[in-house]
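Work through each task on your own, then compare your steps with the solution.

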Amino acid sequence: MNVDDYESLPTTSLGINMTAGAIAGVLEHIVMYPMDSVKTRMQSLSPATSKLNITATFQNMIRKEGIFRPIRGVTAVVAGAGPAHALYFGSYEMSKELMTKITTHNHINYMASGVIATLIHDAVSNPAEVIKQRMQMYNSPYKSVVACMRGVYQSEGLKAFYRSYSTQLVMNIPNQTIHFTTYEFFQNRLNHERKYNPPVHVIAGGAAGACAAAITTPLDVVKTLLNTQETGLVKGMMEAISQIYAMAGPLGFFKGLTARVLYSMPATAICWSTYEFFKFFLSGLDRDQYKSTITGKNMLQPRKTSNINDEAQLRNAYVLPVSESTEETKTPKETNTQTTQPQSLPTGPIKTVCELSSAVAGTPTLNLTTRHTDVKSPFDRGFSST
């Protein structure tokens, strides 16, 4: 690995990424949980809340069910968001760095890393999502997280906590690929050097959340029905789609679209800005030294491998391309150093082993024929006086 390789690598570790991700995930869900409750309620197929807008839904929840109703179930989210987001961001950053050795195409890298992060995240967060949405529903019989968890397990078994897992993956894999690709796109446009830049993190995070949420709303409606089981036992994704279409028509798949976008846009802005802040803070570096991730604006390109014979070096020979301006600004000293070729060995008899001209001008010649009695000080030992 040469200097260019080191300059392209992030300055944070896996532990820092996971810690920052856990804090960001918990903060995001705590701040935005009331809006998430409104979104879930608006996606409900219950006639009592089907025609209410965002403001009316929120007011109806407080008026009929109490002031703390919008935050019921938040403890389940906090318990699940910490480890889920720690693995989410940690696996994404690690995968993104490892993928640079496999592909030089950034978008493929972002999408593949997003898929890996989603598979791990959803496996951890899906049970918490089921409990949260059961407690968010209209006239929910559950008063606490423990009571909800016990009740669901006793009546429906362990599989109830993963009934929507396949639907969640079908929704979240495209959601997260759009999310990460959009975030990295804005980062590459506005923050190519990947320094700590709060305004860019907020803008990129908000745009990523809004785009991903709007496109995947129909699948989110299906997931909500599978988690809440409002209409009775819904066994799978296709059955949920049929019931939504039968009860609400095509527009039923876009129930809560505005609430979902208004939730996701600030939520992802908070999440990414918090994540990037704690990555920077925990690294302990100055802004000039800090690099949040591998540079992604220019595709990683293979290093010139004409003089490399080892296959392992060839597989890892990826560096960021050097711009023309960088080549032009090289000093004459650097140019001379690169073009200097080692001198050929003398063809005549070898009088001493090291009577060869040094590659660096001005360096005294090493003479092994020097006798011990000729050395006046330890610092002169091994060197001729000429």
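**Exercise 1. Is Leu119 buried, partly exposed or exposed, going by its relative accessibility?**

Solution. Keep in mind that this is a predicted model.

- Step 1: Find Leu119 in helix H5.
- Step 2: Take the value, which is 37% relative accessibility.
- Step 3: Compare it with the cut-offs: buried is under 20%, exposed is over 50%, and partly exposed is in between. Leu119 therefore counts as partly exposed.
- Step 4: Look at the surroundings. Leaving out residues up to four places away in sequence, Leu119 touches Tyr165, Leu169 and Ile173.
- Step 5: Check a distance. Asn172 is 53 residues from Leu119 in sequence, and their C-alpha atoms are 8.8 Å apart in space.

**Exercise 2. Work out how H5 and H7 are placed against each other, and which residues meet.**

Solution. Begin with the axes and then turn to the side chains.

- Step 1: The axes of H5 (106–136) and H7 (165–190) come within 8 Å and cross at roughly 135 degrees.
- Step 2: That angle makes H5 oblique to H7.
- Step 3: The crossing of H5 past H7 is right-handed.
- Step 4: List some partners. On the H5 side they include Tyr110, Met111, Leu119 and Ser125, and on the H7 side they include Tyr165, Gln168, Leu169 and Phe180.
- Step 5: Sort the residues of this contact by kind: nine are nonpolar, eleven polar and three charged.

**Exercise 3. Describe the surroundings of Ser125.**

Solution. 

- Step 1: Ser125 is found in helix H5.
- Step 2: Its relative accessible area is 10%, so Ser125 is buried.
- Step 3: Apart from residues up to four places away in sequence, Ser125 touches Ala84 and Gln168.
- Step 4: For a distance, take Tyr162, which is 37 residues away along the chain; the C-alpha atoms of Ser125 and Tyr162 are separated by 9.9 Å.

**Exercise 4. Which residues make the contact between H2 and H4, and at what angle do these helices pack?**

Solution. 

- Step 1: H2 covers residues 14–42 and H4 covers residues 74–99; they pack at an angle of about 140 degrees, with axes 7 Å apart.
- Step 2: H2 passes H4 in a right-handed crossing.
- Step 3: From H2, the contact residues include Leu14, Gly21, Ala22 and Tyr33, while those from H4 include Val74, Ala81, Gly82 and Phe89.
- Step 4: By kind, the contact of H2 with H4 holds 14 nonpolar, seven polar and two charged residues.

**Exercise 5. Is Lys39 buried or exposed, and what is it in contact with?**

Solution. 

- Step 1: Locate Lys39 in helix H2.
- Step 2: Its relative accessible area is 3%, so Lys39 is buried.
- Step 3: Set aside its neighbours within four places in sequence. Lys39 is then in contact with Gln133, Asp220, Gly256, Ala259 and Arg260.

**Exercise 6. Build up a picture of helix H9.**

- Step 1: H9 (residues 217–228) has twelve residues and reaches 16 Å from first C-alpha to last, close to the 16 Å expected at 1.5 Å a residue.
- Step 2: Ten of the twelve residues are buried, so H9 is mostly covered.
- Step 3: Among the buried residues are Asp220, Lys223 and Asn227.
- Step 4: The cover over them includes H2, H5, H7, H8, H10 and H11.
- Step 5: Take H10 as one example. H9 and H10 pack at about 105 degrees with their axes 9 Å apart, and they are therefore roughly perpendicular to each other.
- Step 6: This contact is made by Leu219, Val221, Val222, Leu225 and Leu226 of H9 together with Met237, Ala240, Ile241, Gln243 and Ile244 of H10.
- Step 7: Nine of these residues are nonpolar, one is polar and none is charged.
- Step 8: After H9 comes Gln229, with a positive phi near 55 degrees.

**Exercise 7. Where is Arg194 found, and what is its phi?**

Solution. 

- Step 1: Arg194 sits in the loop between H7 and H8.
- Step 2: Its phi is positive, about 60 degrees, although Arg194 is not a glycine.
- Step 3: Its relative accessibility is 1%, so Arg194 counts as buried.

Notes: Residues numbered from 1 in each chain as written. Predicted model: local features only at pLDDT ≥ 70, side-chain atom pairs only at ≥ 80, totals over all residues. Heavy atoms only, no water. Axes fitted to C-alpha atoms, helices over the stretch in contact; angles between N-to-C directions. Helix = DSSP H or I, 4+ residues; strand = E, 2+ residues; numbered from the N terminus. Left-handed = near helix turned anticlockwise from the far one by under 90°. Contact = heavy atoms within 4.5 Å. Nonpolar A, V, L, I, M, F, W, Y, C, P; charged D, E, K, R; others polar. Expected span 1.5 Å × (residues − 1). Buried < 20%, exposed > 50% of the residue type's maximum accessible area, 1.4 Å probe, protein only. Parallel < 35°, antiparallel > 145°, perpendicular 65-115°, else oblique.
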